[in-house]
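Please keep the sequence and the structure in view while reading.

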Amino acid sequence: MDVLIKDGIVVTMDKERRVLKNFSLAIEDGVIVEIAREIKGEADFVIDARNKIVMPGLINTHTHAAMTLFRGSADDLPLMRWLQEEIWPVEAKLEPKHVYAGSLLACLEMLSSGITCFNDMYYHLEEVARSVLESGIRGVLSYPLLDIGGEEQGRRLLKEAERGLREYANKDSRVRVFLGPHAPYTCSKELLLKARELAEKHSTGIHIHVSETEEEVEGFVKDKGKRPFEYLDEIGFLGENVLAAHAVHVSGREIEIMKKRGVKVAHNPVSNMKLAAGVAPVADYVKAGVTVSLGTDGAASNNTLDLFQEMKTCALLQKVSRGDASAVPAQVVLEFATIGAAKALGLDREIGSLEVGKRGDVILVDLQRPNLRPLSNPVSHLVYAARGCDVCTVIVDGRVVIHGGSFRTLDIAEVCRFAEEEALDLFQKAGKAEKLFLSEEVL
Ligand SMILES: [Zn+2]
């Protein structure tokens, strides 16, 4: 076998949600081949998991990785002003190298807090794919589609997406390609349906922002005479392969539609709170049987890519907003970040839990930390007490990417410097460099 993880507390997230004491796990050719109390045989890489939790890698189902370059550059603004005044003018100057630098930084940040797979939507997808392959993470990358700038824009982006769908089809199992129609208010009906058709043809998923703010929904209702999910259903866009990011402002009828069509949700509690977008009805989704997963959104609206923080915030936000401390308990939140997220991406036969036959996406959480003792309840600790920095080992597709807290794929200092340089270059080109603390002096 290639990797043997010995004597840990294994939080499987399998169907019975078993938590196994002093169990070992073996990986061969990227696949989990055995989970047992004792595993015999030689391994190339042996990991002592005593005093560690062994669990499935976390899955971030909504982000814009390269936006790490915007981190801290525009805080404390409502969504539309934030986009129009701070984000879009800088994004207009984006070059492939900026996206590469920002994505690489994001991949390292995510891996270091135990995220082994993320679902992205951003420009210059080939640069995001490059950082996925180099860093060792797994990525589902969505080609952005929109035609608010005219039919020509839609046609060009569709063509690019079609080419990408073919190109990445058999390239590397760690890169998957989705279609990413940006939102119902930035895409025409024709473009949305074309995305649907293409997704069917290539048996892939659709990643779309829906109903993030109240203002957006009000504008949409004024324009189309119906709410976003009602409209998307009526035009025949919805289906089991649709992952809706945010879905904060929805009616009871829309939740019924989502359940009926098998639409999945990527819930981004920290971003929703930071931009004051609102509180998604997560407890209602769970009650209705809608699959929920968790996303960090981009680092410009979070400002970190840490799903431990997201899990805790998700649980707390539901409790306080509903005045019900029992709303969305720890076990359910942990599902959002693991097996639920795998379902949301249509990858639950491959990842999301530790079971024989699944890909070897495994993380270890160090229990030799004051914040994780006494170990009364591992699941509770993972949601309410653990932090991303408690992750000590990260394995993706059977390859050890981080061990003992150190990266084995890339040099962190080099990636940080590269990101600093490219952020400065980007903000200089956008005429906003004076806003940043970083400068040539700091570099
Ligand atoms: Zn987003």
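N303 is found in the loop between β13 (292–294) and α11; helices (H or I, at least four residues) and strands (E, at least two) are DSSP runs, numbered from the N terminus. The peptide bond joining N302 and N303 is cis, with an omega of about 10°. The model is a predicted one, in which local features need pLDDT of at least 70, side-chain atom pairs count only at pLDDT 80 or more, and totals for chains, interfaces and linings use all residues. Residues are numbered from 1 along each chain as its sequence is written. A cis peptide bond also joins R373 and P374, where omega is about -10°. P374 is placed in the loop between β14 and α14.

Most residues other than glycine have a negative phi, and most peptide bonds are trans. N22, which is not a glycine, has a positive phi of about 55°. N22 belongs to strand β2 (residues 19–28) and counts as partly exposed because it has 13 C-beta neighbours inside 10 Å. In this scheme a residue is buried if 20 or more other C-beta atoms lie within 10 Å of its own, exposed if 12 or fewer, and partly exposed in between, with C-beta atoms placed from the backbone. S203 likewise is a residue other than glycine with a positive phi, near 45°. S203 is in the loop between α5 (189–201) and β10 (206–210), and is exposed, with 10 other C-beta atoms within 10 Å.

## Two domains

The chain is divided into domain 1 (3–56 + 360–407) and domain 2 (58–344), with bounds that come from an automatic or database domain assignment. The C-alpha centres of domain 1 and domain 2 lie 28 Å apart. Between them, 22 residues of domain 1 are in contact with 25 residues of domain 2; two residues are in contact if their C-beta atoms, placed from the backbone, lie within 7 Å. On the side of domain 1 that touches domain 2, α14 (378–385), β15 (391–396) and β16 (399–403) each supply at least two residues. The most comes from α14, with five residues.

## The nonpolar core

In soluble globular proteins, nonpolar side chains tend to be buried together. Here the largest nonpolar core has 133 residues, and those with the most contacts inside it are L25, V54, A244 and M311. Such a core is a set of buried Ala, Val, Leu, Ile, Met, Phe, Trp, Tyr and Cys residues joined through C-beta atoms within 7 Å. Helix α2 (residues 96–112) provides the largest share of this core, ten residues. At least three residues of this core are drawn from each of domain 1 and domain 2.

Leaving out residues up to four places away in sequence, M311 touches L294, V333, L334, A337 and V383.

## Helix packing

Two packed helices are described by the angle between their axes and the distance between the axes. The axes of helix α11 (residues 307–322) and helix α12 (residues 330–337) come within 10 Å and cross at roughly 135°. Axes are lines fitted to C-alpha atoms, for helices over the stretch in contact, and angles run from 0 to 180 degrees between N-to-C directions. The helices α11 and α12 are therefore oblique to each other: angles under 35 degrees count as roughly parallel, over 145 as roughly antiparallel, 65 to 115 as roughly perpendicular and the rest as oblique. The residues in contact include M311 of α11 and V333 of α12.

The axes of α2 and α15 come within 9 Å and cross at roughly 140°, which makes α2 oblique to α15. Among the residues making this contact are H98 and L105 of α2 and V415 and F418 of α15. The axes of α2 and helix α3 (residues 125–135) come within 8 Å and cross at roughly 40°. Contributors to this contact include Y100 of α2 and V132 of α3.

E355 is in the loop between α13 (339–344) and β14 (362–366). The C-alpha atoms of E355 and I35 are separated by 7.4 Å, although these residues are 320 residues apart along the chain. Not counting residues up to four places away in sequence, E355 touches T12, D14 and I32.
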